Amino acid sequence: MSTGPGPAEQTATRTTAPGGPEAIPSDSVREEYENLVDLVRKYRFAYYQEDTPLVSDAEFDQLFRRLEEIEALHPELVSNDSPTQEVGGEASAAFAAVEHLQRMYSLEDVFSLEELEAWLTKASAGIAKLGDGSHQPAWLTELKIDGLAVNLLYRDGKLVRAATRGDGTTGEDITHNVLTIREIPQELSGEGFPAEVEIRGEVFIPSKAFAEFNEALIEAGKAPLANPRNAAAGSLRQKDPAETAKRPLKMFVHGIGAREGLQARSQSETYDLLKDWGLPVSPYSEVLGSLEEVLDFIKRYGDQRHKLLHEIDGIVVKVDDFAIQRALGYTTRVPRWAVAYKYPPEEVHTKLLDILVNVGRTGRVTPFGMMEPVKVAGSTVEMATLHNQDVVKAKGVKIGDIVVLRKAGDVIPEIVGPVLALRDQQDPPVRDFEMPTACPSCGTPLAPAKEGDVDIRCPNARSCPSQLRERVFHLAGRGAFDIEALGWEAAIALTQPTEPEVPPLTTEAALFDLTPELLAEVRIRREKRSKGVATGEFELVPYFYSKGTAKAPSKPTATTEKLFRELEKAKTQPLWRVLVALSIRHVGPRASRALATAFGTMDAIRKASEDELAHVDGVGPTIAAALKEWFAEDWHVEIVDRWAAAGVRMEDERDESMPRTLEGLTVVVTGSLPNFSRDEAKEAILLRGGKAAGSVSKNTSYVVAGENAGTKLDKAEQLGVPVLDEDGFRQLLAEGPAAPAEAAP
């Protein structure tokens, strides 16, 4: 059934002299256009003037593009005050309005590599037509900082005014607040700067500082800030500069507006001048000569975007040559010589349908949000963590809210906070989340948080089905026994009482006692499908065996056969992996390696005193107490004993011939090494008596840096810590610190 005009129905035709069909907008198109104009203006005002985005950037971009599409088809609808003809926003009445000496433009956005290639091809064709056609374009390519555009005005080298972009012509005077940003010089250094110059850039909050600032807000019982961009904008709009000074603001400059007598010939040359004048210039820019190089830049920083100093939402590509920039000129809103490629969105808005809780392997009860499914960072998400009840309260989210959802790369999706401006519009009305008082899995009354611990826990560790399921899933993970055939669904089938009534595993102690006969009757509840489509009806089906028929009897699946092979292989894993598999609170891979190296056997670890355990480097009193508490439970000891009886390795073979070349040394491995995995490199350090640390400090002896080493390499260089490449690392392992190790380039 049609609910509205299709594409072919949305226009009518009229005949005008001298004759010929011309598309005219139908009433429905006019109505859509007017609604879009109102929405774009509303969302733009909320974003720029109130620092309260009502929709995600991705949703706004879609609306804006649709507005541009309609105007391209029906130019007679376009007026001078159309949002497509304007820059950004307008100056807020809360601050004095100031006019820029030279207009600040927005950038044209493209959302796919195909669109970017088309733009570069078109720009290159335009450049080829200039002069004698010998111009070869060079593209200054840089990161698009997710911050607030600011214009700095210097006269005779002194900062006299700072303003927001506003509508491109008129911005807000935020001079007093900008003066609190230490990186922005109040007086230019060096020489050769114009008598009057406008310097453009982006104010932002670094990613690490933003996370720490939000953690402090949550600890103080306050709502966290939604994202670094809004935080930066809100910080610069504080009425009291002393409040702005409390925010960890920084700025990178990336262009020049009005200037008198500046002789620079290119954007990149200008960046060198800005740096000489003492201004902060981004380290993330390159001048490139081809489309292939630009695409490589985009991929490289797309892969690294969460390891950078600041958040980005895209890449900016500019014609580097000023003469060509002037020749290409501007539209009413954007320069023809620059474009912004936008990465897929990592923040979206969606509806929070409910807040439920999950019981983890150590009994921790964690709230999580169930949302209307939404695509973010390339995948569809409908669940996101809320950490604990204090975080739910601090973030101020209520069931039924429209919320900001963030998913950064492979990071677990997180609900950032509610869109408060939309709360009163929700139907049904929003409601508060109440933490349950009994475990939703086993019904046991939940234990209140202990002093110094915010988490509420289910104390029924031995027989709570959820805790058992999570522990079984954990012990199969890559950091423990690494049983590939034992995934999440298999963990459910082994531990949940669906059919038979008593599942194969009521404790992980029986893991290595499983037999094909025990698994033959296991059923799991699955939704029926008809021709590939879900029917909404459910049935119990065999999980570990095929569905038998009279002609083809039930038999183990290939995955089941693989499971038993991998269980045998798991018995040979080193001691530290067995320790990880036990799900002892606080005992992760790092502590497990240290314990296995120090004691060598499970029996020695069990017999060690709390003080002996605590004195192991990388363990300490908290982990030592957790170990003693865990081994004090009879059913925990039963797990170890039954695994040992089944043949699980409980003692590491010590190679007494291995030289202790790294005794007393602390080594940090960062980046990718060609011939060592991260675990293998750490193992090599530990076997030679060294400490494999995860962070760089003044106590670090060496940093081993591979490809994409990141911030740890920067920290090592700042502290003067020796840096080795893989060859130098091998030499260090073999000969110790006296070796003439080769430094990494």
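Good morning. By class, 23 nonpolar, nine polar and 18 charged residues make up the lining of the second largest pocket. Here Ala, Val, Leu, Ile, Met, Phe, Trp, Tyr, Cys and Pro count as nonpolar, Asp, Glu, Lys and Arg as charged, and the others, Gly among them, as polar. A pocket is an open set of points on a 1 Å grid over the protein atoms alone, where a 1.4 Å probe fits, with protein on both sides within 12 Å along at least five of seven lines; lining residues have an atom within 4 Å of a point.

This is a predicted model, in which local features need pLDDT of at least 70, side-chain atom pairs count only at pLDDT 80 or more, and totals for linings use all residues. Residues are numbered from 1 along each chain, and side-chain values use heavy atoms, without hydrogens and water.

Of the 50 lining residues, Pro-53, Asn-227, Glu-347, His-349 and Val-404 lie nearest the centre of the pocket. The largest share of the lining, six residues, comes from α2. Helices (H or I, at least four residues) and strands (E, at least two) are DSSP runs, numbered from the N terminus.

I turn now to helix α9. Which of its residues are buried? They are Val-294, Phe-297, Ile-298 and Tyr-301, buried meaning under 20% relative accessible area and exposed over 50%, with a 1.4 Å probe and protein chains only. Seen down the axis of α9, the buried residues fall within an arc of 95° (taken from the directions from the helix axis to the C-beta atoms), so they line one face of the helix. On the other side, Glu-292, Lys-299 and Asp-303 are exposed.
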